[in-house]
Amino acid sequence: MKQWITLFKKEQLEMLRNFKWVWLPLVFIILGMTDPLSSYYMPRIIDAVGGMPEGTVIEMPTPQAAEVLLATVSQLNLLGVLIIVLASMGVIAAERKSGLAAMVLVKPIPIINYVTAKWLNVSLIGCVSLFVGYITGWYYTSVLFGTVSFELFLQSYVIFAIWYTFVLTLTIFFSAIFKVAGVAGFITLTIVISLSILTNIMGDYMIWSPAQLGDSVASLIMVGQLGDGFWLSLSVTVLLVVAMLFGATKILENKELE
Amino acid sequence: MNGIALDSTTVMLLMPIAIIQIILAIVALIDLVRTEETYGPKWMWLLIILFISLFGPILYFTIGRRSY
């Protein structure tokens with residue numbers, strides 16, 4: 001346990017040194033602000049740059065608060081996931097490439113400790129960034145459009161954070177397989193995107209899919225209740241996370257860390 | 001030409017974005033100075049961070065740094 005904490009602290013220190021704890025939350029704050037603000041200013045933006053002929057009247061219904069929050073969610077689901085995957089794709093791969101992993105693992109450290117320390121760190125920074133971004137979005141939505149209850153926000157955040165953890169575990173898994181960080185990131189993103197698309201078009205067959213968590217966030221915000229397959233997809237997600245952590249450990253054990 | 005009149009509410013609403021962008025650029029610049037090598041020449045990253053707002057620093061942090 002003591003060893004694990006040392007590894008954990010080493011990761012923390014590294015993430016402070018390379019400013020991840022600064023720039024990721026800041027970028028997520030901006031992501032959270034964009035949608036409420038652009039919806040709020042849309043009529044005036046169209047007025048200013050739309051090039052509409054004189055006297056055109058466009059009636060734009062003011063969007064509901066829930067719709068704006070949902071737009072924020074999809075923004076965080078798209079750009080947020082992209083950024084967080086790019087930021088953490090090298091977490092094991094780069095360390096192996098530079099020989100740092102070999103230096104750490106020369107000592108008698110169980111590889112599972114190494115992997116889980118990294119995993120918890122990456123998940124932590126991902127979930128904190130998501131929280132900061134999402135709460136900014138929620139705050140701006142509440143100020144500009146009307147209230148969405150805080151309780152609903154928190155509940156949807158928890159589900160959203162589980163989806164993020166899943167994505168980040170996927171990143172770590174592929175980061176353990178491939179030595180080139182870019183390849184790990186690319187494959188993770190491909191899988192996440194195709195999973196989301198497949199879940200959208202074949203919802204009936206994909207009721208177990210972790211991407212259903214995103215739909216649950218949406219239905220929680222819009223109708224106030226969870227989607228149909230929520231519990232199933234939650235269990236599958238948790239199982240997959242555990243399996244991928246073990247898988248990453250096994251893969252690293254069988255690789256020579258030159 | 002100023003498309004959207006800058007009343008005080010607008011300024012208050014948009015101020016945080018401007019501040020965050022400036023902080024991001026400064027942090028990226030500090031990191032650029034301290035780091036030993038980047039992918040591609042350093043002066044290129046300097047220009048990217050300075051002249052592409054928001055996405056410049058993000059690009060630098062995600063793909064410019066050699067160590068993660």
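User: Which residues of α1(B) meet α3(B)?

Analyst: In this predicted model, L24(B), A25(B), V27(B), A28(B), D31(B) and L32(B) of α1(B) meet P57(B), Y60(B) and F61(B) of α3(B). The residues of this contact divide into eight nonpolar, no polar and one charged.

User: How do the axes of the two helices cross?

Analyst: Two packed helices are described by the angle between their axes and the distance between the axes. Here, the axes of α1 (residues 8–34) and α3 (residues 55–64) of chain B come within 9 Å and cross at roughly 40 degrees. The crossing of α1(B) past α3(B) is left-handed.

User: Which residues of chain B does UniProt list for a domain?

Analyst: UniProt lists residues 23–65 of chain B as "domain: Cardiolipin synthase N-terminal", in an unreviewed entry. In the model, that span is 74% helix and 0% strand, and its end C-alpha atoms lie 18 Å apart.

User: What is the phi of L54(B), and where is the residue found?

Analyst: L54(B) has a positive phi of about 60 degrees, although it is not a glycine. The residue sits in the loop between α2 (42–51) and α3 of chain B. L54(B) counts as buried because its relative accessibility is 15%, under the 20% cut-off.

User: Moving to chain A: what is the phi of F19(A)?

Analyst: F19(A) also is a residue other than glycine with a positive phi, near 65 degrees. Its place is the loop between α1 (2–17) and α2 of chain A.

User: Is F19(A) buried or exposed?

Analyst: F19(A) is buried, at a relative accessible area of 14%.

User: And V49(A), buried or exposed?

Analyst: V49(A) counts as exposed because its relative accessibility is 65%, and the cut-off for that class is over 50%. The residue belongs to helix α2 (residues 20–49) of chain A. Between V49(A) and P61(A), 12 residues apart along the chain, the C-alpha separation is 19 Å.

User: How far apart are the C-alpha atoms of P110(A) and T249(A)?

Analyst: Their C-alpha atoms are separated by 9.0 Å, while the two residues are 139 residues apart along the chain. P110(A) lies in the loop between α5 (100–105) and α6 (111–144) of chain A. With 38% relative accessibility, P110(A) counts as partly exposed.

User: Next, the aromatics. How many aromatic pairs does the structure hold?

Analyst: There are 20 aromatic pairs over all chains. One of them joins Y139(A) and Y140(A), whose ring centres are 6.0 Å apart and whose planes stand at 75 degrees, so this pair is edge-to-face. Y139(A) is partly exposed at a relative accessible area of 49%, whereas Y140(A) is buried at 9%. Another pair, W163(A) with F166(A), is stacked, with 5.8 Å centre to centre and 20 degrees between the planes.

User: How are W163(A) and F166(A) placed in helix α7?

Analyst: They are three residues apart in helix α7 (residues 150–177) of chain A, so about one helical turn separates them. W163(A) is buried, with a relative accessible area of 2%, and F166(A) is buried as well, at 4%.

User: Which residues do ring pairs link into a cluster?

Analyst: The cluster consists of F28(A), F131(A), Y134(A), W138(A), F150(A), F153(A), Y157(A), F160(A) and Y164(A).

User: Which residues of chain A carry the "transmembrane region" annotation?

Analyst: In an unreviewed entry, UniProt gives that annotation to residues 21–42, 76–94, 115–140, 152–173, 180–202 and 230–252 of chain A. In the model, residues 21–42 are 100% helix and 0% strand, with end C-alpha atoms 32 Å apart. Residues 152–173 are likewise 100% helix and 0% strand, and their end C-alpha atoms are 32 Å apart.

User: Last topic: why is helix α9 of chain A described as largely enclosed?

Analyst: Eight of the 11 residues of α9 (residues 212–222) of chain A are buried, so the helix is largely enclosed by the rest of the structure. The buried residues are Q212(A), L213(A), G214(A), S216(A), V217(A), S219(A), L220(A) and I221(A).

User: What covers the buried residues of α9(A)?

Analyst: The cover includes α3 (65–88), α6, α7, α8 (181–201) and α10 (230–254) of chain A. Just after α9(A), G224(A) takes a positive phi of about 85 degrees.

Definitions and conventions
Residues numbered from 1 in each chain as written. Chains lettered and ligands numbered in written order. Predicted model: local features only at pLDDT ≥ 70, side-chain atom pairs only at ≥ 80, totals over all residues. Heavy atoms only, no water. UniProt positions renumbered as here; feature names shortened; annotations may be inferred. Helix = DSSP H or I, 4+ residues; strand = E, 2+ residues; numbered from the N terminus. Axes fitted to C-alpha atoms, helices over the stretch in contact; angles between N-to-C directions. Left-handed = near helix turned anticlockwise from the far one by under 90°. Contact = heavy atoms within 4.5 Å. Nonpolar A, V, L, I, M, F, W, Y, C, P; charged D, E, K, R; others polar. Buried < 20%, exposed > 50% of the residue type's maximum accessible area, 1.4 Å probe, protein only. Phe/Tyr/Trp six-rings, centres within 6.5 Å; stacked < 30°, edge-to-face > 60°.
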